[in-house]
Amino acid sequence: MLKKLFRISNSQEYNNTYKNGLKIPGKYLIAYIMINNLGINRFGIVASKKVGNAVIRNRSRRRIRAIAESSGEHLQPGYDIVIIARQSIVATDYNRLEKDFYTVMKKAGLC
RNA sequence: UAAGUAAAUCAGAUAGUCGCAGGCUUUUUUGGCCUGAGGAAAGUCGGAGCUCCGCAGGGCAGGGUGCUGGAUAACGUCCAGUGGGGGUGACCCUAAGGAAAGUGCCACAGAAACAAACCGCCGCCAACGGAGGUCGGAAAUCAGAAGUCAGAAGUCGGAUCAAUGGUCCCGAGGUGAACACCUGGUAAUAGCAGCCGGAUGACAGCGCUCGUAGCCAUAGUUUCCAACCUCUUGCCUCUGACUUCCGACUUCCAUUCCGGUAAGGGUGGAAAGGUGAGGUAAGAGCUUACCAGCAUUUAGGCGACUAAAUGGCUCGGCAAACCCCACCCGGAGCAAGACCUAAUAGGGGAAUAACGAAGUAGCCCGCUUCUUUCCCGGGUUGGUCGCUAGAGGUGUCAGGCAACUGGCAUCCCAGAUAGAUGACUAUCAGAUACAGAACUCCGCUUACAGAUUUACUUACUUC
């Protein structure tokens, strides 16, 4: 589902979101949310080297992506969302991560 | 069965649901099919392909490699060997050229670190000292032997007495109480010109001097003379012992000086080949046997090297210190680079026609470019290609000990671009190691839960 259309692919767009977006911290992840004028949600997922080696980073990124894919119907459209993985993500399972994601989204008022 | 050694393989499986990337294929809007992380994808250490750099030429500098032969596109990789080291063994480890080209270093300790004497062992000369021995001389003492003189006692003989023994007294004459004096005879001792004998001696004999002391002058126990013997003392000679002193010679010990010695001790990572025997003043390859090392010759091997014989007789270590020798090395890297589209402009300042500037990784030369170069300012990071059919995989045959090479057959096996390979459920199992492609390949190194296989070694047990 996450085709190129639904991705943030430019470093300028990332920087824009960091500067102007709304920062909402969760237990396992942090979200920066900013309104775009496209009428769709675009996601960007970031896992820094703090999280772990390449394998661990890939796994956590894929989990977040899987949640984002499945969340499409539940969220209001029209936002750029950058999700940053925290170090604590390593120890959790999928269900807890999903819960955390939705609490963050609720805080942001997207669902 | 246990403990090992070497090599190889695997790296959860199956099913379902929902998804992602690429390719193919239809169909025209979305279906279908296929494929989709690793042995290390990691570290980015070595090498190569590929690309660009005004095509990389010479010298210097610099860097790398370093037993031999082979393999390879190449390598610091691999294979086969050689030497060295370790293991009972299977097997493992090994930067392993040159120290007789030169320079340098070898801390501390130690006498000495490249040619050495601290202790030790040994020798010589001289001086001094200590202890002893031998010989000679002198003195003193003691002992013995021989001798000699004197004395005493005795025996015997002779003279004397008529004749024995004992005791006392007296004993020539005269005077006298006595001392003393006088007379006659003899004459010892002593002394000494001398002669002679003795052992050159003590001393004896003869002689001489004095005529003294003494003795005698009626008989007598007595007395005298001579000889012998014994004892004692003195003296002398000889011998011996001991002590002291002096001299000469000699032995041992110690110290100093000089020299020999590399066996031994001690220090050190390392001390001048090792061990045994001979040898020596003591020692030493000084000699010899064996071992190690070196050189030469012969034999074997493409070679590293190995074996044997012979020889003289022995050479410290470090080159991962400089260095020498042999071989190799242009640089930057897929953000390389190419193309397409869009945009366009060359704006300001400076330097200027060679003795200049820039490029070619450093320096010198050489080469190339120059109305160009530098600085300031401005613009660009969109897309496509590179990009995965390759020093490719699998099988087989052939060559080779092997690494590897060649032929044939067959297969196509990730290619993203903020970056795919995932999420959930169920079942099974030993309950999940290390870990994620980014141009490619060959290696190396490092990480790793476990599982399996093959070959071999050692030990034990059974048949």
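This is a predicted model: local features need pLDDT of at least 70, side-chain atom pairs count only at pLDDT 80 or more; totals for chains, interfaces and linings use all residues.
Residues are numbered from 1 along each chain as its sequence is written, with chains lettered from A and ligands numbered from 1 in the order in which they are written.

**Exercise 1.** Work out the strand order of the sheet and find its edges.

Step 1. Strands are DSSP runs of E, at least two residues, and helices runs of H or I, at least four, numbered from the N terminus. Two strands pair if DSSP finds at least two bridges between them.

Step 2. The order is β1-β2-β4-β3, in an open sheet of mixed pairing.

Step 3. β1 (22–25) and β3 (42–46) each have a single partner strand, so one side of each lacks a neighbour in the sheet.

Step 4. Take β1 and β2 (residues 29–35): 4 bridges join them, and they run antiparallel. K23 has Y32 as its bridge partner in β2.

**Exercise 2.** Find the buried side of helix α3 (residues 94–108).

Step 1. Count C-beta atoms, placed from the backbone, within 10 Å of a residue's own: 20 or more others make it buried, 12 or fewer exposed, and in between partly exposed.

Step 2. L97, F101, V104 and M105 are the buried residues of α3. They cover an arc (from the directions between helix axis and C-beta atoms) of only 100°, which puts them on the same side of α3.

Step 3. The face turned away from that side carries exposed N95 and K106.

Step 4. Past the helix comes G109, with a positive phi near 80°.

Terms used:
Two residues are in contact if their C-beta atoms, placed from the backbone, lie within 7 Å. Axes are lines fitted to C-alpha atoms, for helices over the stretch in contact, and angles run from 0 to 180 degrees between N-to-C directions.
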